[in-house]
Amino acid sequence: MLKDITLGQYFPGDTLVHRLDPRTKLTVVVLYYVLIFTASSPLTMLLAVGSLALSVYISRIPPRSLLKGLKPLMFLVILTGLLNLFYTDGQVLVRFWVFRITREGIFRSIQMVMRITLLVCGTFLLTYTTSPLSITDGLERILGPFRKLGLPVHELSMMMSIALRFIPTLIEETDKIMSAQKARGADFDSGSIFKRVKALLPVLVPLFVSAFRRADELATAMECRCYHGGDDRTRLKQLSMGRADYLTLLFWAALLGAIIALRVYGL
């Protein structure tokens, strides 16, 4: 299960999606999120799915890698679908015990499951095609105007970059600790849910110790290299937006406008 968590991993490539400016991709992700929650009809949901499928095709990221990242969230997806299925008012189709299935509940359940799936897949596609350093630079440039208001833009961007960078490392560390615990007789796969949670407690202590040790080593390394934040720092790669970036932003803005218009007219 831990190996299915792929958030933070970066797959190098030379596709159009990989070459886009990180500011463009971050802006597109925001537009994509708004698009997903704006889409409410089968036609608009189909456009949302099609836009993601087109992006995946251009990026040449295997769809299996995106779906693999959904496995740890499958319980949340199923629970959300069931809650919307049984507790949505409308025309009752089936009633049993304290549960009821309505026509509106079926549609809303499918809609919510699709929204969560599209959200997760879109987020994973961003991290798969953009390195953590590029995300940091893009986010810092986008939030640059807020620096005048006293917002520590560089520090926030660096914290996000470090968090994304260490997700795969912590997952690998957790897997090693669990393997070591299993070699000593620990059982994480059988028993009730409470027994499994209790069995995970011996994993948390060495995991937190390892995380704090890595954080201390990183802080020491940054101090040894005279790191003092983003003031007067230069960059090896300067960000620049080209024609492909502007066309991409125009496409997604037009797609969002079309979905809003379809929703206004009830289509």
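**Close-up views of a predicted model**

Alanine 215 is partly exposed, with a relative accessible area of 43%. The model shown in these views is predicted.

**View 1. Alanine 215 in helix α9.** Alanine 215 lies in helix α9, which covers residues 193–224. Phenylalanine 166 is 49 residues away from alanine 215 in sequence, and the two are 9.8 Å apart in space, C-alpha to C-alpha.

**View 2. The whole protein.** The protein has 10 helices and two strands. Starting at the N terminus, the order of the elements is α-α-α-α-α-β-β-α-α-α-α-α. Of the 267 residues in the protein, 36% are buried. Among contacts between residues at least 6 apart in sequence, 73% join residues at least 24 apart.

**View 3. Helix α3 against helix α10.** Helix α3 (residues 42–59) packs with helix α10 (residues 243–264) at an angle of about 165 degrees, and their axes are 10 Å apart. The angle makes α3 roughly antiparallel to α10. The crossing of α3 past α10 is left-handed. On the α3 side, the residues in contact are Leu43, Thr44, Leu47, Ser51, Leu54 and Ser55. On the α10 side they are Phe251, Trp252, Leu255, Ile259 and Leu262. By class, this contact of α3 with α10 holds eight nonpolar residues, three polar and no charged.

**View 4. Helix α2 against helix α6.** The axes of α2 and α6 are 10 Å apart, and the two helices pack at an angle of about 175 degrees. That angle makes α2 roughly antiparallel to α6. Helix α2 contributes Lys25, Leu26, Val29, Tyr32, Tyr33, Ile36 and Phe37 to the contact. Helix α6 contributes Arg115, Leu118, Leu119, Gly122, Thr123, Leu126 and Thr129. Nine nonpolar, three polar and two charged residues make up the contact of α2 with α6.

**View 5. Helix α2 against helix α10.** Here α2 and α10 pack at an angle of about 10 degrees, with axes 10 Å apart. The two helices are therefore roughly parallel to each other. From α2, the residues in contact include Val28, Leu31, Tyr32 and Leu35. From α10, they include Asp245, Trp252, Leu256 and Arg263. The contact of α2 with α10 has 13 nonpolar, four polar and two charged residues.

**View 6. The largest nonpolar core.** Nonpolar side chains tend to be buried together in soluble globular proteins. The largest nonpolar core of this model has 26 residues. Tyr32, Leu35, Leu52, Leu66, Leu118, Leu125 and Trp252 touch the most other members. Two or more residues of this core come from each of α2 (22–38), α3, α6 (103–129) and α10. Helix α6 gives the largest share, eight residues.

**View 7. The surroundings of tryptophan 252.** Which residues does tryptophan 252 touch, not counting those up to four places away in sequence? They are Val28, Leu31, Tyr32, Leu35, Ser51 and Ser55. Trp252 belongs to the contact of α3 with α10 and also to the contact of α2 with α10. In the largest nonpolar core, Trp252 is among the residues that touch the most other members.

Technical notes: Residues are numbered from 1 along each chain as its sequence is written. This is a predicted model: local features need pLDDT of at least 70, side-chain atom pairs count only at pLDDT 80 or more; totals for chains, interfaces and linings use all residues. Side-chain values use heavy atoms; hydrogens and water are left out. Axes are lines fitted to C-alpha atoms, for helices over the stretch in contact, and angles run from 0 to 180 degrees between N-to-C directions. Helices (H or I, at least four residues) and strands (E, at least two) are DSSP runs, numbered from the N terminus. Angles under 35 degrees count as roughly parallel, over 145 as roughly antiparallel, 65 to 115 as roughly perpendicular and the rest as oblique. A crossing is left-handed if the near helix is turned anticlockwise from the far one by less than a right angle, and right-handed if clockwise. Contact means heavy atoms within 4.5 Å. Ala, Val, Leu, Ile, Met, Phe, Trp, Tyr, Cys and Pro count as nonpolar, Asp, Glu, Lys and Arg as charged, and the others, Gly among them, as polar. A nonpolar core is a set of buried Ala, Val, Leu, Ile, Met, Phe, Trp, Tyr and Cys residues joined through side-chain atoms within 4.5 Å. Buried means under 20% relative accessible area, exposed over 50%, partly exposed in between (1.4 Å probe, protein chains only).
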